[in-house]
Each structure stands twice: as C-alpha cells, then as structure tokens.
Amino acid sequence: MIKSPENYLELLKINVEETPVIAVVGGGGKTSLIFRLMEELVALGKKVIVTTTTHMAYEPHRPLASGRDFKLVRDNIEKYGYTMAAEILGEEKKLRSLPPEILADLKECCDVLLIEADGSRQLPLKVPAEWEPVIPDIADLVISVIGLDCLGKPIRQTAHRMERTSEFLKKSLDAPVTPEDIVKIAESICGLFKNVEDRVYRVYLNKSDILPDKGPAEEILKGLKENHTVAAAGSLKTPGIAENLTMTEDMV
C-alpha cells in the first residue's frame, strides 16, 4: 500500500520545532530538496535561511546575502520569508561555506536553517571521502539523498567518488548498483550515515518516477525500515507529490 503525504515535511517526518537546523548530504537532488522544504516552511510562516558548508550554485532569482551581512539577511527574510546566505565569490557570485561561528549567528536570525553539507557533482550516488560530509556541530537533523536512477547502472557511471564506492561495496566499477547496495550505503557509518552520530536521520530516495515499477523503491524502503530508519521515495521534479512513497505497516 502506498501512502501519499501532503508535503515533504510530512513525508520525511520532520518536526522543525525539535530539529531547526537541517543538513542535507549525499547524491544529486540536495539543492532541489532544500528549496522544496524552504517553500513549505515559508508557507507555514517560518523564517528560513539556506546556506552551505561546501559549495552551492548561485541562482540569480533568489534573494542572497553575504553570511556576514546580518542586516541584509534580516531584510531579505522580512521581504521574502527566506534568504540564501553564504560567502559570495567574484562577479559570478559562486557560493561557498561560512565559518562555524557565522553559521551559529545565522541560526539566531531564523526559525529554520537549511544547509547543503555535501557535494556530488549531480551524480545520484555517493560514498563520502575521509573529509566528507561537512556536517556542522549545530545540525539537529541529517537527510541523505540518493537518486534511484543509479539502480542497475555501473558504479563508474553513477557514483561520485566511484573508486571509494567500488571499494566500499566490494564490487568492480562495472558492477550494477542494486537495492541492497543503496541500503548499505544509506545505513553505514562509512557511507551516508557518516558523521551523523546521535542526530535525527532521514533518507530521501529521489527520482522514483523513472522506475518502470515501484518494486525496487519499496524494497529499499523496507530494508531501511528494518534498520529503524525513516525514509521516503519520490520525485522532486514531479509537479505534485502523488509519486511519493513512504513505508506503511503492511509493506513490512
């Protein structure tokens, strides 16, 4: 049975009163998920800041402030309900991380702080390197993103840090990615659970709309549920959310 929640906050069982600082890690889809969450939060009247501990694409249509310009941060939030805040580099306004003390100050300027805390070069799958992900100490919740378009395709085509992913899975670079591989990567402290520690943890499986059937997504969700991980699958490109899946008791 498939349950279709009303929004992504419900889909991922996120309570921002308890976990107001959210770090998003993993594969492609992180930025899209962050802005979907931002839209839902602003609609609820929450003041939101979007930032990064690595790098993030500049989107000219979005309000942006230097993370050190707290007046502009507050002005943007007052006008738009949210703002992006980061170090701004050059005329192209490439965005990069802020020092931890600035992140802590930004937290005091908003109700919810959304942080892109990892890079993947838009590839769907990732096993982090030794220095990754960059989850700040102030994070309350970590969401791992995995693109289901990696299923059945060779590791070398779908994984950022493909050699590390191959080594972790003990498979060749030409081996296809399976549902079992995704569960292993999502759950391991050497995979996407790395540096999560005692924080609240969620997994989002993106691009379920590209699957011929929902069987593989449901298999992954079941495997994650057996490990007591809250997870959901869906498509961030789908106009509505009818494609979103979450585990129900009768899927166990």
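**Aromatic contacts and pocket**

1. Tyr204 is buried at a relative accessible area of 0%, where buried means under 20%, exposed over 50% and partly exposed in between, with a 1.4 Å probe and protein chains only. Tyr8 is likewise buried, at 0%. The model is predicted: local features need pLDDT of at least 70, side-chain atom pairs count only at pLDDT 80 or more, and totals for chains, interfaces and linings use all residues. Residues are numbered from 1 along each chain as its sequence is written, and side-chain values use heavy atoms, without hydrogens and water.

2. The whole structure holds 2 aromatic pairs (rings of Phe, Tyr and Trp, the latter by its six-membered ring, with centres within 6.5 Å; planes under 30 degrees apart are stacked, over 60 edge-to-face, the rest tilted). The ring centres of Tyr8 and Tyr204 are 5.5 Å apart and the planes stand at 65 degrees, so this pair is edge-to-face.

3. Phe193 and Tyr201 also pair edge-to-face, at 4.9 Å between centres and 85 degrees between planes. Phe193 is partly exposed at 22%, whereas Tyr201 is buried at 8%.

4. Two charges sit over rings (NZ of Lys or CZ of Arg within 6 Å of the ring centre and within 35 degrees of the ring normal): Arg62 over Phe35, at 3.6 Å from the ring centre, and Lys184 over Phe168, at 5.1 Å.

5. Which residue types line the largest pocket? The lining divides into 6 nonpolar (Ala, Val, Leu, Ile, Met, Phe, Trp, Tyr, Cys and Pro), 11 polar (the others, Gly among them) and 9 charged residues (Asp, Glu, Lys and Arg).
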